[in-house]
Amino acid sequence: MDLAYTPEEEAFRAEVRTFLAEELPARLSDKVRGGRNLSKADIQEWQSILSRKGWLAPHWPAEYGGAGWSVTQKFIYEQESALAHTPPVIPFGLNMLAPVLIKYGSEEQKAHWLPRMLRGDDWWCQGYSEPGAGSDLASVRTVAVRDGDHYIVNGQKTWTTMGQHANMIFCLVRTDNSGSRQQGISFLLVDMTAPGVEVRPIITLDGDHEVNEIFFTDVRVPAENLLGEEGRGWTYAKYLLTYERTSMAGLGQSRAALGWLKQIAQKEKANGVPLARDPLFAARLARVEIALANLQTTTMRVVAAAAAGGAPGAESSMLKIRGTEIRQEISSLTRRAIGPYAQPFLPEALEDGHNEEPVGPDYAAPITPTYLNLRKLTIFGGSNEIQKNIITKAILDL
Ligand SMILES: Cc1cc2nc3c(=O)[nH]c(=O)nc-3n(C[C@H](O)[C@H](O)[C@H](O)COP(=O)(O)OP(=O)(O)OC[C@H]3O[C@@H](n4cnc5c(N)ncnc54)[C@H](O)[C@@H]3O)c2cc1C
């Protein structure tokens, strides 16, 4: 299999680099590089720059406003943007819901919701998980009961990422209890400004407000917000998850983080020599760099197979496991590299306008919060244990 890029693909990479050099505001890339907190406005600013360029929804078909890129172009773009430290694109609407709408939504739903995503009119969040329904998603208990031309929704969702900024949530809800657990699930689009929706923050180990609990009390949802057919939500949910997992290897992010770690390992010293030359530290650094190089080759094999018409199946589980383990190891080594300066926790140092004397090196403040935050990688998007189950069934045939 040929893993080299074609001259056209190299030209595309150059085009992406030029665009990023000219259009990515330094204020935003500095924040991302420095591990400081991004506001909703920061993320929206970058999304609207991408939207103007026509690159906000690269994987959508061109007829809906997508860029119409090949799998390889999308891969190149993701690598380059991670290395340039762009803010994230919020995936819930653009990357997860949109493919489901395009495949299963009505023409009216597509015409209404897709242009709104490209314009940034809605901020979507994902209402799958509930207390008791995480890995075992078919246990969802949030109920939607049909009442004329509405559904009445009652229940609770949890771990809702960025739900505090969202005005729309797509939810798995139970519309029937009579058949198998998977049969009675439906997929509803819920307006979070409707009466009866309550968002409560969950503060994570790193002190950040990234996830939420969402409570629904007699929330009236127009029946036209049912996606596809009632009771077929499980099919749509699984289709959405294939999109959620394919981009979770975080290769570009790991390459950027490793580059940063190597710079720190030159600055920080152990016994008078740079950490990069300390035998124990250097060995761990080399091990993770080799693992990342292997992941890159494997990812490119999967991308090449997909570009040739294959659909990534259990391979995306494999990439998710290795990608998230490697990203965590890099953050763990970065934390070790700054030694005792990993201890002070100054959340205010991650906010705009902070100008106090840093404790330790000026790059130390975000390192421990980032390490703690990234513990989530092996849990969300389907925990790594669950991905291993998928591999044993789909690849090893056990
Ligand atoms: C930071 C963060 C953000 C998230 N964002 C969202 C979001 O925006 N929207 C959303 O809907 N959800 C979100 N989630 C939820 C996430 O998808 C779930 O946490 C995840 O699916 C695991 O479910 P659980 O937490 O209920 O754990 P459980 O399912 O209770 O699992 C607990 C442990 O048991 C293991 N386990 C469970 N079943 C098996 C099995 N059959 N075999 C082997 N091991 C097993 C798990 O791997 C895990 O280690 C988020 C989670 C986190 C941490």
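This is a predicted model: local features need pLDDT of at least 70, side-chain atom pairs count only at pLDDT 80 or more; totals for chains, interfaces and linings use all residues.
View 1. The shell around the ligand comprises 18 residues, of which Ser129, Ser135, Trp159, Thr161 and Ser383 come nearest. By class, this shell holds 9 polar, 7 nonpolar and 2 charged residues. Helix H12, spanning residues 384-394, gives the most to the shell, with 3 residues.

View 2. A polar side-chain atom of Ser383 is placed 2.5 Å from a ligand oxygen atom. Ser135 also takes part through its side chain, in which an N or O atom is 2.6 Å from an oxygen atom of the ligand. Tyr128, by contrast, is represented by its backbone: a polar backbone atom of this residue lies 3.0 Å from an oxygen atom of the ligand. On its own the ligand has 970 Å² of accessible area, and the protein covers 66% of that area.

**View 3. The largest nonpolar core.** This core has 67 residues, and Phe170 and Phe187 have the most contacts inside it. Helix H5, formed by residues 91-104, gives the most to the core, with 8 residues.

**View 4. Surroundings of Phe170.** Neighbours within four places in sequence are left aside here; beyond them, Phe170 is in contact with residues including Phe92, Met96, Leu97, Trp124 and Cys125. Its contacts also include Phe187, Leu188, Leu189 and Leu240. Tyr128 is among the residues in contact with Phe170, and the backbone of Tyr128 has a polar atom 3.0 Å from a ligand oxygen atom.

Definitions and conventions:
Residues are numbered from 1 along each chain as its sequence is written. Side-chain values use heavy atoms; hydrogens and water are left out. A residue is near a molecule or strand if one of its heavy atoms lies within 4 Å of it. A polar contact is a pair of N or O atoms within 3.5 Å; within protein, one must be able to donate a hydrogen and the other to accept it, and residues adjacent in sequence count only if both atoms are side-chain atoms. Accessible areas come from the Shrake-Rupley method with a 1.4 Å probe; for residues, only the protein chains shown count as cover. Helices (H or I, at least four residues) and strands (E, at least two) are DSSP runs, numbered from the N terminus. Ala, Val, Leu, Ile, Met, Phe, Trp, Tyr, Cys and Pro count as nonpolar, Asp, Glu, Lys and Arg as charged, and the others, Gly among them, as polar. A nonpolar core is a set of buried Ala, Val, Leu, Ile, Met, Phe, Trp, Tyr and Cys residues joined through side-chain atoms within 4.5 Å. Buried means under 20% relative accessible area, exposed over 50%, partly exposed in between (1.4 Å probe, protein chains only). Contact means heavy atoms within 4.5 Å.
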